[in-house]
Amino acid sequence: MKLTLLFICMVKLVSASTTSGLDTIKELTQINIDYLDARLQTINSQEDKEIAIYQYFPTISLFASTFESAASFGFATDQIKSQGITARWTVFNFFQDLYKYHAAKNTLKSNESFQRAMLLAAEKSSFEVYLNYLNNYEQYMIKKDITETLDQSAKVAKGKFKRGETSGSESNKIIIQSLNTKNESETFLANSEFYKERILKLLKKKSLKPTWPLSESNIKSKVSQLLKAKASFEQNPNIEKFRFDKKAMEDLVTSQKLRHLGEVNLNYRNQKSNLDGFNDWDTQITLTYTFPIFANNTIQADVVKTKNKLKLAQTKLEQEKAKLRALKKSQKIKIRISFENFKRQLQASKLANTVYQQELRKFKRGLVSVNDLLFEQQRQSQAQLGLITSKNDLLLSLVDFCHLQGKEFKTCL
C-alpha cells in the first residue's frame with residue numbers, strides 16, 4: 001500500500017508543477033558558455049554592419065599645424081601656421097559599398113542563426129544535466145522506499161520465526177536483499193547530489209525541486225500531436241546559417257569584382273595660412289576618378305579567395321540539407337519507438353506495483369514464501385526503473401526533434 005500511495009503522490013506532484021523543471025533548464029541554457037560566446041559574435045557582426053553603413057558617409061577631418069621656416073626659404077615669418085577642414089566622400093564606386101553592406105547584413109543574420117543553434121545546443125546540454133539529476137534522484141527514492149518495505153518484511157519474518165512458523169533463513173534473505181538495495185540507493189543518492197550541486201553552483205541557488213519537464217499525461221497528448229504534425233527543417237538554424245553565409249560570400253565576390261572599375265571621389269579642402277602674409281580662407285574642391293592598374297592582381301586574388309569560401313559555404317549548405325532530410329525520418333521513427341516503449345513501461349510499472357503489493361499482503365499472512373516476495377519486489381523495482389529510463393529517452397528524442405525544426409522545447413510542444 002505504501003508503494004502505491006508513493007507512486008500516486010509522485011504522479012500528482014509532477015503534474016502539479018511541470019514548469020519548474022523547464023524553468024531550471026531555461027536558466028541553465030541562458031548561462032551556457034557556448035551560447036554566451038555566440039551572442040558576443042552576434043554583437044561583433046552587428047558592429048561590422050554599422051561600420052559598413054558608415055562607408056556611405058564622407059570622411060571629415062580638422063587640421064592645424066605650426067612649423068619653423070628655414071632662413072633659406074626667404075619667408076617673412078619665423079613660423080608657418082595653417083589650419084582648416086578637409087572632407088573626402090566616395091561619390092560613386094559602382095555599388096561596391098552597397099554589396100559590402102549586404103554582405104555584412106547577411107553575415108549578421110548568419111551569426112544570429114549560429115546564436116540560435118548554440119541556444120538549442122545549450123538547451124540539449126541543460127536537459128541532459130537536469131535529467132541526470134532527476135533520474136538518479138527518482139531511482140534513489142524508489143530504492144529507498146523498497147529498502148524500508150523490505151525492513152518491515154524482515155520484521156514480519158522474524159516474528160514468524162519466533163512463533164515457530166518459519167525458519168530463520170527467511171528473515172536473513174530479506175535482510176540481505178535490503179542491504180543490497182540500500183547500497184544501490186546510496187549510489188543513486190551520491191550521483192543525484194553530484195548533479196544537484198553542479199546545477200546549484202551554476203545557477204547560484206540554494207535549493208532545487210526535482211520535477212519532470214513534462215508530466216506523464218502531457219507526454220501522451222503532446223507526443224501524439226507531434227507524430228501527426230508535419231515536420232519541416234527549413235527554419236533549422238544550421239540551414240539558415242549556411243544559407244546566409246552563402247549569400248554573404250556572393251555579395252563579397254560581387255563587391256570585389258567591382259573594385260576593378262575604380263571609384264569617383266569628391267575632395268573638399270578649406271584652409272588658411274600665414275604663408276606669404278595671406279590669412280584668407282582658401283577653398284579647394286576636386287572630383288577625381290581613380291582607376292586601379294597595378295592593384296588588379298591583388299583584387300583578383302581577393303576574388304579567388306572569396307569564391308573558394310563561397311564554394312565551401314554552398315557545399316556545407318547542401319550537406320546539411322541532406323543530413324537533416326535523413327534525420328527527420330529517423331528521429332520521427334525514434335520518437336514513435338520511444339513513445340511505445342514508454343507506454344509499455346508505464347503499464348508494466350503499474351501492474352508490477354499492484355502484484356508486489358498483493359504478494360506483500362499474502363506474505364504477511366503466510367500465504368507465499370519469501371522467495372516469491374523477493375522475486376516480485378525485484379520485478380517491481382526493475383519496472384519502475386525501466387519507466388524512468390524510457391521517460392528520459394523519450395524526452396531527449398523530443399528535444400532532438402524540436403531542435404531539428406529550429407524550435408525550443410517549450411515552444412515546440
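**Salt bridges across the chain**

Glutamate 408 pairs with lysine 26 in a salt bridge, and the closest N and O atoms sit 2.9 Å apart. This pair links distant parts of the chain, 382 residues apart. Lysine 26 lies in helix H2, residues 19–30. Glutamate 408 lies in the loop between helix H9 (370–404) and helix H10 (409–412). Keep in mind that this is a predicted model.

Buried or exposed, or in between: where does glutamate 408 fall? Glutamate 408 is partly exposed, at 23% relative accessible area. Lysine 26 is partly exposed too, at 37%.

Next pair. Glutamate 27 forms a salt bridge with lysine 205. Here the closest N and O atoms are 2.8 Å apart. Glutamate 27 is in helix H2, and lysine 205 is in the loop between helix H5 (169–203) and helix H6 (216–228). That link spans 178 residues. Relative accessibility is 31% for glutamate 27, so it counts as partly exposed. Lysine 205 has 36%, so it counts as partly exposed.

Now the strands. Which residue does arginine 88 bridge to? Its partner is glutamate 263, with the closest N and O atoms 3.6 Å apart. Arginine 88 sits in strand E2, residues 79–92, and glutamate 263 sits in strand E3, residues 263–273. The two are 175 residues apart. Arginine 88 is partly exposed at 39% relative accessibility. Glutamate 263 is partly exposed at 22%.

There is also a network. Salt bridges with shared partners join Lys124, Glu128 and Asp400.

And the total? How many salt bridges does the structure hold? The count is 17.

Definitions and conventions:
Residues numbered from 1 in each chain as written. Predicted model: local features only at pLDDT ≥ 70, side-chain atom pairs only at ≥ 80, totals over all residues. Heavy atoms only, no water. Salt bridge = Lys/Arg side-chain N within 4 Å of Asp/Glu carboxyl O. Helix = DSSP H or I, 4+ residues; strand = E, 2+ residues; numbered from the N terminus. Buried < 20%, exposed > 50% of the residue type's maximum accessible area, 1.4 Å probe, protein only.
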